[in-house]
Amino acid sequence: MAAAPVMAAGASCQGTLYLTFDTGSQSQAELIAAVLKRQDVRATFFLANEKTVRGDYSLDPSWAPYWKARVAEGHAFGTHTFDHVYAVRDLPDGRIEVKPQFGPNAGRKQAWTAQQYCGELRRVGERFTQLTGAALDPFWRAPGGKLTPQVKAAGQACGYRHAGWAPAGFSGDELSSDAWPNDKLLQRALAGLKDGDIFMAHLGIWSRKDPWAPAVLEPLIVGLKQKGFCFATLRDHPDFRQ
């Protein structure tokens with residue numbers, strides 16, 4: 001049975017929000033996990049095998065304890081493509097032009113069939129099961145949110161439903177901290193999020209000078225609870241519920 005959404009203490013639920021986190025540099029991974037645990041909030045993680053600030057990769061065996069702990073806490077997990085593969089465009093012959101960010105073909109454009117793309121999505125699930133003994137949930141997120149008709153169809157044919165995010169759910173953690181300071185991002189999210197929105201952030205961004213999560217995540221959750229919002233994983237979202 002799916003867990004009930006976590007709601008604000010002493011308040012009725014005025015709506016449900018879905019926090020999601022993509023892998024990245026992993027610089028904020030432990031902090032984010034601690035905040036979610038302290039606030040008793042379940043989130044959804046989208047996993048790719050990305051280089052981390054430790055000098056390893058986010059799906060290396062060295063990260064098994066982290067992912068096992070998140071499984072035990074009741075979070076949900078989707079695939080983000082193993083090598084963080086960006087979709088470039090649909091090709092006339094039915095293949096998809098892609099550009100992996102990591103792996104042996106990093107930075108080089110490739111022409112993949114739908115079956116090859118499916119295999120890339122499934123690689124994450126295979127590794128996740130090796131690391132944790134658990135299975136991925138049947139949803140995925142395209143790196144950069146770059147989705148073409150053929151890429152979306154490939155994911156669907158492979159048994160995964162794509163999960164984007166709401167306009168107000170873009171955390172802005174990839175933006176310049178000079179142009180978009182954390183207090184501005186916090187206020188934007190608090191003012192804009194509404195019932196049913198999917199919110200997206202990363203477990204660390206290399207380029208942002210002033211990291212988003214330490215300043216924003218807990219005040220955001222607390223502020224949303226005060227507005228009466230509940231939190232749930234995508235397992236309970238109407239578009240992804242089994």
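Phe-21, Phe-45, Trp-63, Tyr-66, Trp-67, Phe-77 and Phe-128 are joined by ring pairs into a cluster, where two rings of Phe, Tyr or Trp (its six-membered ring) pair if their centres lie within 6.5 Å. The model is predicted, so that local features need pLDDT of at least 70 and side-chain atom pairs count only at pLDDT 80 or more, while totals for chains, interfaces and linings use all residues. Side-chain values use heavy atoms, without hydrogens and water, and residues are numbered from 1 along each chain as its sequence is written.

Across the whole structure, the search returns 13 aromatic pairs. One of them brings together Tyr-66 and Trp-67, edge-to-face, with 5.0 Å between centres and 85° between the planes; planes over 60 degrees apart count as edge-to-face, those under 30 as stacked and the rest as tilted. Tyr-66 counts as buried because its relative accessibility is 4%, and Trp-67 is likewise buried, at 0% (buried is under 20% relative accessible area with a 1.4 Å probe, protein chains only).

Trp-63, a member of the cluster, also has Arg-54 over its face, 3.7 Å from the ring centre. Arg-188 is placed over the face of Trp-180 at 4.8 Å. For such a contact, NZ of Lys or CZ of Arg must be within 6 Å of the ring centre and within 35 degrees of the ring normal.

The lining of the largest pocket divides into 9 nonpolar, 11 polar and 5 charged residues, with Ala, Val, Leu, Ile, Met, Phe, Trp, Tyr, Cys and Pro taken as nonpolar, Asp, Glu, Lys and Arg as charged, and the others, including Gly, as polar.

Conventions: Buried means under 20% relative accessible area, exposed over 50%, partly exposed in between (1.4 Å probe, protein chains only).
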